[in-house]
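Me: I would like to learn how to read a model with several chains, beginning with the places where the chains meet. Could you take me through it step by step?

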Amino acid sequence: MPLDAIPILAVPQGLHSDERSGNAPALLREIAEMLRRFLANGETSAIDLHALPLTPADLEWLREQLGGGEIAITLNAEGESSLNETACPGVWWVTHRNPNGAVDSEFIEVADVPDLVKAHHEDVVIGLDHLELLISDLSKQRAF
Amino acid sequence: MQGPLIEILARQGITRRTFMKYCATLASLMALPPSAGRAMAEAMAAAGVATKRPSVIWLPFQECTGCTESITRSHSPTLESLIFDVVSLDYQETLMAAAGHQAEEALHNAMKAGGYLLIVDGSIPLGLDGAYSCIAGRSNLELLKEAASGAAAIVAMGSCAAFGGLPHAKPNPTGAVSVSDVVKDKPIVNIPGCPPIPVVITGVLAHFLTFGSLPELDKHGRPKAFYGETIHDRCYRRPFYDQGKFAKTFDDEGARNGWCLFELGCKGPVTYNACATVKWNGGTSWPVESGHGCLGCSEPDFWDAGGFYKALSTPANPLKMASAAVAAGAVAGVAVSFANRGKKRAAASAHETTTLADLEK
Amino acid sequence: MNELQFLTWVRGTGLNVAVGVFLLGVFWRLIEIYGLGRKKDLSAPRHVAGASGWHTIFRRSIPAQGMLKKSPVGYIGGFAFHIGLAIVVLLFAPHIKLIQSLTGLSWPGLPSQFIDLVAVVTLAAMVVVLADRINKPVKRFLSTFEDWFTWAVTFLPLLTGWLSVRHLLFPYSTMLALHILSVEILLIVLPFTKLFHAFTVFGSRWYNGAVNGHKGVAV
C-alpha cells in the first residue's frame, strides 16, 4: 500500500511554520563574526540549525539571504547530503538526509571546504592500492 | 581519524563519511555543539584502537528482548549497533556466541577487571527471594548487586529496567522493581521506552565513550537531550489541539483529517520522549503519525495509567464505589437517625412535668 | 511520583475515594436531617394566603429593605460568585462532557471565552468577599476556622481550573491534575461542613416559610 493511499493526512511540519520568528537576522551577524575569525586565524566553525528556535520560514529566509554559490556537492552516504556553497564564499549550507529523504540535521559551516568533503589520507591510501592493483593488472594484460 | 572501527565499518559497506555524518546528526540530536560530532567520531574510532576497549556487560533480567531488538534491528542496524564494535561487549546473552560455562566465565572475568559500563534490560523480581527469574541458578537480584558493585555506571535500558515496566504493572505478581530501586550508590542513567528509540541508546553510549561521563539527566534519570520535552509539545498535530479539533473515534472525519488524538486517550501531554522529532524506523513515522495516540511508554507505570483509550482529562472510573458509598451513607444516616430518636425519647422520658406544687415550693 | 502517576492517581484512586466519601456523606447527612422529625404540632393552623414555603425560598434571596446599602459587598459579591460558580460548573463544555460520560445527560454549554470571563469575575468576587470578611470587625469576629477553610476549598478548584484552561503556571496536565485534586478535596469536605447548604438551603427555606405560614406569619 503506497503511503498516499492511507487516508491519514500527514500535515506538513508545523502549521504555524509560515511565520518568521525573528531569530534569523541575528544569525547573519554570527556568520559574519565566524568569517572574520576564519580570516584572522583560519579557525573553522559551524552552527547547528536544528539547535536553534528557527521556523521553516526562518530557514527559507536565511537561505534566500545567503543565496546560492558556485559549488553544490552531493554526498551519497546513508541518504543524500548536500553541501552547498552560499553566495558568500567560505560559508556552506550542509543538509544531511536519511535514506527516506527526511532531513536529519542541518548546519552552516564556515571553512574552505566542509570537513566531510575532504578525502581522508587513510582512504587515499586504499584508493592508491586499488589503483596500483589496476595498473599491475593492465601491465599483466600487456604481457600476454 | 582511523582505527579498527572504521575498517570494520568499511567492510560492512559503511564509509568514513557515512560514519562522520552519523556522528554529526547524533550530536545535533543530543543538542551538543557541532564540534562534538567530530569529537564523538574520533573518540569512537579511537576507542577501537586503544589496547583495552571499554568493557560493557549487558545483563538481561525480566524482559522480552525488545530493547535489544530495537537497537540491533533498527533502520540502519550497522550504524546504530556500531557501538558494539567500539566497546568490548563481554556479556550479552542474545548477541554473544558463547554459552553455558564459557559465557559465565567471560562475565566473571569482566567483572573482576571492574570499571565497566553495566547495561541492564528488564526488571528485577523480588518475590519468592527472586526465584521468578534466574540465570545459571542465581537470582537477578543477586546478579545485579554483584555486577553493580564493580560498575563505573549503569544504563537502565527500557522501561522495565528504568521503572519496573510491564512486570511492575498491577498486581505485580513477581514483585518486580527497577534498577534504581535496588542500586543506590552508582550513577544510573534511565533510557525508558518500550522499546527505547535506538538512537537514544547509541547517543548515551557515545556520550559516555566520548566524554567519559553520562549526559545531563532529568529528575527521573533520563537524558535531557532526548527526554526534555513532551511528545505533545513537539507533536505535529499540536495545532489541532490548540484549535480544539479532535478525532472522536478512529474512523471519523477528524481521524481522517489527522486531528488531535487527545480524546482517544493520547498520553502525549504527560510523556517525555523524542518520538515526535526522531521518529521510528529511520524517520519513517511514529505512533501519532500513523493515527494512534501515544501510550506513554517512557513514563513510570504507564501500563496502569487509567486506560490507553481514555482521555487524560476524563476520570478512570469514579462511580466504582458509588453504590457501596450510597449504601454505607444510607446505613450511617439511618443509624444516626435512630440514635437521635433514641436520644430524644430518653430526653422526653427524663423530662419531669412541673406541677403547681413545684412552683409553690 | 511523576506527572503521569499523579494524574493517574487523581483521576483514578483519588477520585474514587472522593466520590465515595461525597456520596456517603450526602446520603448520611440528608437521611439524618430528614430523620430528625418534627415536634407534634398541637396548635390550630392559622392559614395565610399564598404558598409561604415556596415564596420564602425565593424571597430570602432578595436583600431585605435597606440591607443592600448596608452590606453591598456581601450581597453583590455573594450573588456574583454563586451565579458565576453555577455557570462555570454547569455550563463549561468540558464539565458537561464529563457529566455526560458519567450519566448520559447533556445540555448545551456556553462559549469558553464567556466561561473564562465568568471565571475571572467569580474569582474576583470571591477575593472581594474574603477581603470584606477580613476587614469588617464583626464579620471577622464571627468567622471560625470553618469559614476560612470552606472559602479556600471553594476557591481552589476555580483557580486551578482557570489556570489549567489558560495553560498558566504549570504544564496543562499538571494543572489539570491539581484541579481534579482540589475538586476532590471539595467533594470530601462538602457534606461535613457548612458547604452542605448546597443541598439543604432550599429545603430549609421552604420549611421555615411553611412553618411561619402555619403560625400565621404573612409571607
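Reply: Two residues are in contact here if their C-beta atoms, placed from the backbone, lie within 7 Å. Please keep in mind throughout that this is a predicted model.

Me: With that cut-off in hand, which chains share the most contacts?

Reply: Two pairs of chains are in contact, and of these it is chains B and C that share the most contacts. Chains A and C, by comparison, are joined by no contact, and their closest C-alpha atoms lie 19 Å apart.

Me: How many residues of chain C are in contact with chain B, and which element of chain C gives the largest share?

Reply: The size of an interface is often given as the accessible area lost when the parts come together. Here we count residues instead: 30 residues of chain C are in contact with 33 residues of chain B. On the side of chain C that touches chain B, the elements giving two or more residues are α1, α5 (93–103) and α9 (172–189) of chain C, and the largest share, 21 residues, comes from α1(C). By residue class, this side of chain C divides into 17 nonpolar, ten polar and three charged residues.

Me: Turning to the sheet in chain B, what is the order of its strands?

Reply: Strands of a sheet pair through backbone hydrogen bonds, either parallel or antiparallel. In chain B, five strands with parallel pairing form an open sheet in the order β2-β1-β3-β7-β9. Its edge strands, each pairing on one side only, are β2 (88–92) and β9 (188–191) of chain B, and from one strand to the next the twist averages 20°. Strand β1 (residues 55–60) of chain B pairs with β2(B) in the parallel sense over four bridges, and B:V56 stands opposite B:L89 in β2(B).

Me: Which helices of chain B pack on this sheet?

Reply: Helix α7 (residues 100–113) of chain B touches β1, β2 and β3 (116–121) of chain B, and its direction makes about 130° with that of β2(B). Helix α12 (residues 198–211) of chain B also packs on the sheet, touching β3, β7 (151–157) and β9 of chain B, with its direction at about 160° to that of β9(B).

Me: Finally, which residues have the most contacts inside the largest nonpolar core?

Reply: That core has 138 residues, and those with the most contacts inside it are B:I57, B:L118, B:V120, B:I154 and B:A156. Its largest share, 14 residues, comes from helix α1 (residues 3–35) of chain C. A second, separate core of eight residues includes C:V118, C:A119, C:L158 and C:L159.

Definitions and conventions: Residues numbered from 1 in each chain as written. Chains lettered and ligands numbered in written order. Predicted model: local features only at pLDDT ≥ 70, side-chain atom pairs only at ≥ 80, totals over all residues. Pairing = 2+ DSSP bridges. Axes fitted to C-alpha atoms, helices over the stretch in contact; angles between N-to-C directions. Core = buried A, V, L, I, M, F, W, Y, C linked by C-beta atoms within 7 Å. Buried ≥ 20, exposed ≤ 12 C-beta atoms within 10 Å, placed from the backbone. Nonpolar A, V, L, I, M, F, W, Y, C, P; charged D, E, K, R; others polar.
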